[in-house]
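This report describes the fold of one protein chain and then some of its residues. Look at the structure before reading on.

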Amino acid sequence: VSPPIRTTGGDTVASYIKKLEKNCNEYLAADEQFEGALFARPAGTINKSIAFGAAGVAGALVSERMAKKRQEGHEGATDGEAASSFPAGDVALGLTSRRMLVFKHSQLSGKPKEMLAEYPLDQVSGFSQEKRKLARSFHIHFADESLVDLDVVKMAKPDEFIEAFGRLTGR
């Protein structure tokens, strides 16, 4: 019998935790379980895809410039070790009581695959987001003051991922 899904509501989050449990449980210690899950893309990817469809190459170039400015605009962000070791590309994030795990995400099947990185929760200071019309800018703040900027869709319910982190760490 699998453990109950830990979520405050919303089928999207619960089903993504189930995907992690089904495809990535081998990376968990015996006393760990997924408490939060989120699918994320590199910063600017979602808007770039939409802009390309709506305005062709010109729209994609404008969106790319906007994403670069967004990444450069974070005051106090450094290119620390944690951020520089964060994997590129589409990723699945999983939270346990001890770690944030980063998995490769298959674009073809939509399933999380092998683990690409892991960060003990004491290396993660927190998460923040900026709400946008089509996607949210999702920021991972590390203890070394470095930052990773990602895109997530609203349906992925990033608020619940952030709430799970708060419950686990008291931050």
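This is a predicted model: local features need pLDDT of at least 70, side-chain atom pairs count only at pLDDT 80 or more; totals for chains, interfaces and linings use all residues.

Strands of a sheet pair through backbone hydrogen bonds, either parallel or antiparallel.

The pairing of E5 with E6 is antiparallel and runs over seven bridges.

## Aromatic pairs

The structure holds eight aromatic pairs. In one of them, the ring centres of Tyr 27 and Phe 103 are 5.7 Å apart and the planes stand at 55°, so this pair is tilted. Tyr 27 lies in the loop between H1 and E1, while Phe 103 is in strand E3, so the pair ties together parts 76 residues apart in sequence. Tyr 27 is partly exposed, at 24% relative accessible area, whereas Phe 103 is buried, at 0%.

A further pair is formed by Phe 127 and Phe 165, whose ring centres are 5.0 Å apart with planes at 90°, so the pair is edge-to-face. This pair also links distant parts of the chain, with Phe 127 in strand E5 and Phe 165 in helix H4, 38 residues apart. Phe 127 is buried with a relative accessible area of 11%, and Phe 165 is buried with 3%. Ring pairs link Phe 127 and Phe 165 with Phe 138 and Phe 161 into a cluster.

## Glu 32, a buried loop residue

Glu 32 sits in the loop between helix H1 (11-24) and strand E1 (36-42). Is Glu 32 buried or exposed? Its relative accessibility is 8%, and buried means under 20%, so Glu 32 counts as buried.

Which residues does Glu 32 touch, not counting those up to four places away in sequence? They are Tyr 27, Thr 96, Arg 98 and Arg 99. With Arg 99, the side chain of Glu 32 makes a polar contact of 2.6 Å. These two residues are 67 residues apart along the chain, and their C-alpha atoms are separated by 9.3 Å. The side chain of Glu 32 also reaches the backbone nitrogen of Ala 29, at 2.9 Å.

## His 105 in strand E3

His 105 belongs to strand E3 (residues 99-105) and is buried, with a relative accessible area of 12%. Its side chain is joined to that of Tyr 16 by a polar contact of 3.4 Å. Leaving aside neighbours within four places in sequence, the residues in contact with His 105 include Tyr 16, Phe 39, Asp 90 and Pro 112.

## Two residues with positive phi

Glu 145 is found in the loop between strand E6 (136-142) and strand E7 (147-152). Its phi is near 70°, a positive value in a residue other than glycine. At 55% relative accessibility, Glu 145 counts as exposed.

Lys 157 lies in the loop between E7 and helix H4 (158-169). Phi of Lys 157 is near 55°, which is again positive in a residue other than glycine. Lys 157 counts as partly exposed, at 32% relative accessibility.

Conventions:
Residues are numbered from 1 along each chain as its sequence is written. Side-chain values use heavy atoms; hydrogens and water are left out. Helices (H or I, at least four residues) and strands (E, at least two) are DSSP runs, numbered from the N terminus. Buried means under 20% relative accessible area, exposed over 50%, partly exposed in between (1.4 Å probe, protein chains only). Contact means heavy atoms within 4.5 Å. A polar contact is a pair of N or O atoms within 3.5 Å; within protein, one must be able to donate a hydrogen and the other to accept it, and residues adjacent in sequence count only if both atoms are side-chain atoms. Two strands pair if DSSP finds at least two bridges between them. Rings of Phe, Tyr and Trp (its six-membered ring) pair if their centres lie within 6.5 Å; planes under 30 degrees apart count as stacked, over 60 as edge-to-face and the rest as tilted.
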